[in-house]
Amino acid sequence: IQRRLESGNISQYKVAVLEADSITNEILGVAGYKGKNLGEKLETVTHGQLSKPDELREAHDIRNRIIHERDFQVDRQLAEGTIKIYEDLLRELEFI
């Protein structure tokens, strides 16, 4: 993911976000959150389970826009900020 961010390539920024979302989805599954995908898992989060669930939902929304909006632009700043949200969650869960 970090190499993709450092590539200077917009399409690689998008892939980095997609990969971070996918990893987070897998980790939340291992942690016991139920759902077919990250969006469904986030719907099951109750108050206090995660420190910043709204930020995680926003990051997942960026992922969805990348997938569903052909012209959605992702610059390095947006990619880094989005990935930081995923990274912070994985640190909170002590997976990194």
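Let's start where two helices touch: Lys14, Val17, Leu18, Asp21, Thr24 and Leu28 of α2 are in contact (heavy atoms within 4.5 Å) with Leu56, His60, Ile62, Arg63, Ile66 and Ile67 of α4. The residues of this contact comprise 7 nonpolar, 2 polar and 3 charged; Ala, Val, Leu, Ile, Met, Phe, Trp, Tyr, Cys and Pro count as nonpolar, Asp, Glu, Lys and Arg as charged, and the others, Gly among them, as polar.

This is a predicted model, where local features need pLDDT of at least 70, side-chain atom pairs count only at pLDDT 80 or more, and totals for chains, interfaces and linings use all residues. Residues are numbered from 1 along each chain as its sequence is written, and side-chain values use heavy atoms, with hydrogens and water left out.

Helix α2 packs against helix α4 at an angle of about 130 degrees, and their axes lie 10 Å apart. That makes α2 oblique to α4, a label for angles that are not under 35 degrees (roughly parallel), over 145 (roughly antiparallel) or 65 to 115 (roughly perpendicular).

| Helix | Residues |
|---|---|
| α2 | 10–30 |
| α4 | 53–68 |
| α5 | 76–92 |

Now to the largest pocket, whose volume is about 160 Å³. A pocket here is an open set of points on a 1 Å grid where a 1.4 Å probe fits, with protein on both sides within 12 Å along at least five of seven lines; lining residues have an atom within 4 Å of a point. Its lining consists of Ile1, Gln2, Ala20, Ile23, Thr24, Ile83, Tyr86, Glu87, Leu90 and Ile96. Helix α5 gives the most to this lining, with 4 residues.

Note on methods
Axes are lines fitted to C-alpha atoms, for helices over the stretch in contact, and angles run from 0 to 180 degrees between N-to-C directions. Grid points are joined across faces, edges and corners, and a volume is the space filled by probe spheres set on the points.
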